[in-house]
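Hi,

Here is the structure I said I would pass on.

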Amino acid sequence: MILIPSAPESVAFVGARILPVSAPEIARGTLVVSGGKIVAVGPDGSVTIPAGARRVLAGGKTIVPGIVDTHSHVGGPAGADSSGPLAPEVRVVDSVNPRSPGFLRAAAGGVTVLNVMPGSGHLMSGQTIYLKNRRDPKTIADLAMADPKRPGRFLGGMKMANGTNSIRSGGGSFPGTRGKSAALVRDLFLRAKKWMADPKREPDESMEALAEILRGERVVHHHTHRADDIATVLRLKKEFGFRVVLHHVSEAALAIDAIAEEKTPCSIIVLDSPGGKLEAMGISPVNGAALEARGVPIALHSDDGITDSRLLFRNAALMVRGGMSRAGALRALTLSGAEMLDLADRTGSLTPGKDADFLVLSGDPFALMTKVEQTWVDGLKVFDRQDPKDRLAATGGLGNRPDVNAHTCCALEAGE
């Protein structure tokens with residue numbers, strides 16, 4: 001059994017191929033981490049290794065920043081319900097299971113930061129939460145990233161959606177058409193602006209969440225597939241001035257001019273599995289290359305469990321095969337995602353002063369046989385492929401299950 005440290009230590013990885021993302025590749029380099037932070041990175045011999053630091057000979061390995069998954073549903077999050085299509089007051093933090101085995105599987109895939117979101121069955125399904133994929137959490141607070149500007153609150157965006165997912169037939173408060181969907185959203189933001197302008201306004205959780213969006217303090221993460229739906233989001237963005245990341249954008253190539261006009265960030269997916277949604281027919285590995293060619297910021301996400309978190313490097317390799325640059329694909333997994341979550345000052349690249357969120361790979365990140373050997377978050381090892389439990393999370397199979405057992409006589413007898 002490989003022991004996982006319980007507190008950050010000083011470690012120097014020596015002789016590795018290092019891809020910092022924010023700086024040129026280092027063929028044989030040293031990465032030093034201490035106190036949960038990156039202390040130094042550079043060619044072997046140019047970096048001073050602190051006295052007492054544990055040296056790890058990493059020849060033949062590749063070290064890259066941890067993956068920032070900008071769109072995940074790990075932990076079983078649930079937001080708005082059938083009571084209405086717009087629920088800005090709902091916080092997904094109240095519904096995430098921090099002990100879900102999905103977090104360890106994500107660590108096995110190299111995911112160190114996640115934007116966990118409610119679903120897309122509502123026009124606005126609630127506030128997302130940004131999580132660090134730390135080891136063995138007991139409560140959601142062990143994973144959540146605190147908001148320095150709002151004591152007692154956590155960092156996150158707002159999940160919105162349009163297209164067929166949020167349309168319901170049979171009347172009621174849900175929209176029955178795309179036009180009505182946009183009208184409901186427009187009306188909500190107009191009411192929020194009126195509330196913000198009222199000096200005698202009453203406290204209102206829904207309106208305050210919308211005010212954060214309109215003040216640019218909370219990013220909108222917007223599910224959208226078809227070119228006409230993408231155009232609708234961009235019209236609303238211009239009308240109300242909010243910041244938005246476009247998610248999925250299956251028909252990005254058909255809306256490329258509008259997206260590129262303001263370099264609107266896009267968080268894309270390469271494979272929509274199990275699929276079956278007509279809107280997603282336009283998904284293609286060439287979307288990344290098309291957006292990159294126009295200078296659009298691109299992140300790659302899992303939408304786990306639509307795509308398994310353990311397959312993000314393979315998905316990025318498909319984007320490279322579709323014409324995207326290798327540097328752009330690696331950035332899409334790391335620093336670009338951090339920028340879209342307003343976390344680039346903390347993570348996403350191997351830069352001194354940032355959190356020690358990084359991966360040790362067995363080889364090139366886009367090679368089919370490369371494995372994530374170790375995943376580190378805040379200077380702590382959270383996944384080690386040599387650990388049998390961790391390896392099981394990476395490979396699957398018998399025993400890859402939640403860490404709780406049914407407390408019944410029959411289950412106990414079967415286990416004994």
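**Around T264**

T264 touches L234, K237, V244, L246, I259, V296 and P297, leaving aside residues up to four places away in sequence. Keep in mind as you read that this is a predicted model. As for where T264 sits, look in the loop between α5 (256–261) and β13 (266–268). Is T264 buried or exposed? It's buried, at a relative accessible area of 2%, and the cut-off for buried is under 20%.

The largest nonpolar core has 77 residues, and the ones touching the most other members are L131, F189, L246, I259, L291 and L300. If you click on L291, you'll find it touching A252, I256, I259, C266, I268, V296 and I298, again without residues up to four places away in sequence.

On to the helix pairs. α2 (residues 178–197) packs with α3 (residues 205–214) at an angle of about 95°, the axes being 9 Å apart. That makes the two helices, α2 and α3, roughly perpendicular. On the α2 side the contact is made by L188, F189, R191, A192, K193, W195 and M196, and on the α3 side by M207, E208, L210, A211, I213 and L214. By type, the residues of this contact come out as 10 nonpolar, no polar and 3 charged. F189 is one to highlight, as it is also on the list of core residues that touch the most other members.

The other pair is α7 (residues 312–321) with α8 (residues 326–333), packed at an angle of about 145°, with axes 9 Å apart. The crossing of α7 past α8 is right-handed. Here L312, F313, A316, M319 and V320 from α7 meet R326, A329, A332 and L333 from α8.

Last stop is D387, in the loop between β17 (380–384) and α10 (388–395). D387 is buried too, with a relative accessible area of 3%. How far is its C-alpha atom from that of E373? The two C-alpha atoms are separated by 10.0 Å, and D387 and E373 are 14 residues apart along the chain.

Cheers

Methods
Residues numbered from 1 in each chain as written. Predicted model: local features only at pLDDT ≥ 70, side-chain atom pairs only at ≥ 80, totals over all residues. Heavy atoms only, no water. Axes fitted to C-alpha atoms, helices over the stretch in contact; angles between N-to-C directions. Helix = DSSP H or I, 4+ residues; strand = E, 2+ residues; numbered from the N terminus. Parallel < 35°, antiparallel > 145°, perpendicular 65-115°, else oblique. Contact = heavy atoms within 4.5 Å. Nonpolar A, V, L, I, M, F, W, Y, C, P; charged D, E, K, R; others polar. Buried < 20%, exposed > 50% of the residue type's maximum accessible area, 1.4 Å probe, protein only. Left-handed = near helix turned anticlockwise from the far one by under 90°. Core = buried A, V, L, I, M, F, W, Y, C linked by side-chain atoms within 4.5 Å.
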